[in-house]
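Hi everyone, thanks for coming along.

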Amino acid sequence: QVQLVESGGGLVQPGGSLRLSCAASGSIFSIYAMAWYRQAPGKQRELVALINRVGSTNYADSVKGRFTISRDNAKNTVNLQMNSLKPEDTAVYYCNADIYHRLGAPRNDYWGQGTQVTVSS
C-alpha cells in the first residue's frame, strides 16, 4: 500500500555532513508525522527527530543543534540534514511515517528499509 524509500547514507569522516531523504508513495491521503529513527549494533532503535504536518519538531538530546529535520507535504518527503557528525552517530537510519489512507480512517505506521550511516576516519 505504501512504500518509504530512503537515500543518502554512506561513509563520512567525523565532523562531516550527510543529508538523508525519504519519499513516501502509494495509497496516501495525508501524512500526520514523519520521523527518523536509528539503530546501532547491539542497541535499541531510538528516535532521532520527528516533524508533524504543521512543522513542529522534536529532537533527541544527542543530536540537538547538529541535525535538522524538514518535510515537503506536497511531495510526501522528509529530509534529515546531519552536520558535525560523530562516530557515535553510526547506525542504520530508518524513515517512519504515520499515514492516513483516506479521510476518517485511522493512521497506519510505516517504515523504510533503512540506510547505513558510518562516521569514521
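Predicted model: local features only at pLDDT ≥ 70, side-chain atom pairs only at ≥ 80, totals over all residues.

Residues are numbered from 1 along each chain as its sequence is written, and side-chain values use heavy atoms, with hydrogens and water left out.

Okay, the disulfide. That word means a pair of cysteine sulfur atoms within 2.5 Å, and the structure holds 1 of them. Which residues form it? Cys 22 and Cys 95, with their sulfur atoms 2.1 Å apart. The link between Cys 22 and Cys 95 is left-handed, at -80° about the S-S bond. Cys 22 lies in strand β3 (residues 18-26) and Cys 95 in strand β9 (residues 91-100), so the pair ties together parts that are 73 residues apart in sequence. Buried is under 20% relative accessible area, exposed is over 50%, and partly exposed is in between, with a 1.4 Å probe and protein chains only.

Now let's follow β3 into its sheet. It's an open sheet of 4 strands in the order β1-β3-β8-β7, with antiparallel pairing. The edge strands are β1 (2-7) and β7 (67-72), and each pairs on one side only. From one strand to the next, the twist averages 15°; for that, axes are lines fitted to C-alpha atoms, and angles run from 0 to 180 degrees between N-to-C directions. Two strands pair if DSSP finds at least two bridges between them. β3 and β8 (residues 77-82) have 6 bridges, and Ala 23 stands opposite Thr 77 in β8. If you're new to this, strands of a sheet pair through backbone hydrogen bonds, either parallel or antiparallel.

Next up is β4, residues 30-39, where 7 of the 10 residues are buried. β4 pairs with β9 in the antiparallel sense over 8 bridges, and Gln 39 stands opposite Val 92 there. β4 also pairs with β5 (residues 46-52), antiparallel again, over 6 bridges, with Arg 38 and Glu 46 as bridge partners. The hairpin of β4 and β5 has 6 residues between the strands, and Gly 42 takes a positive phi near 80° in it.

What about charges over rings? That label needs NZ of Lys or CZ of Arg within 6 Å of the ring centre and within 35 degrees of the ring normal. Arg 45 lies over the face of Trp 111, at 4.7 Å from the ring centre. Arg 107 lies over the face of Tyr 32, at 4.2 Å.

Last, two single residues. Is Ala 97 buried or exposed? Ala 97, in strand β9, is buried, with a relative accessible area of 0%. Leaving aside neighbours within four places in sequence, Ala 97 is in contact with several residues, including Leu 4, Ala 33 and Asn 108; contact means heavy atoms within 4.5 Å. That brings us to Asn 108, in strand β10 (residues 108-111). Asn 108 is partly exposed, with a relative accessible area of 33%.

Notes:
Helix = DSSP H or I, 4+ residues; strand = E, 2+ residues; numbered from the N terminus.
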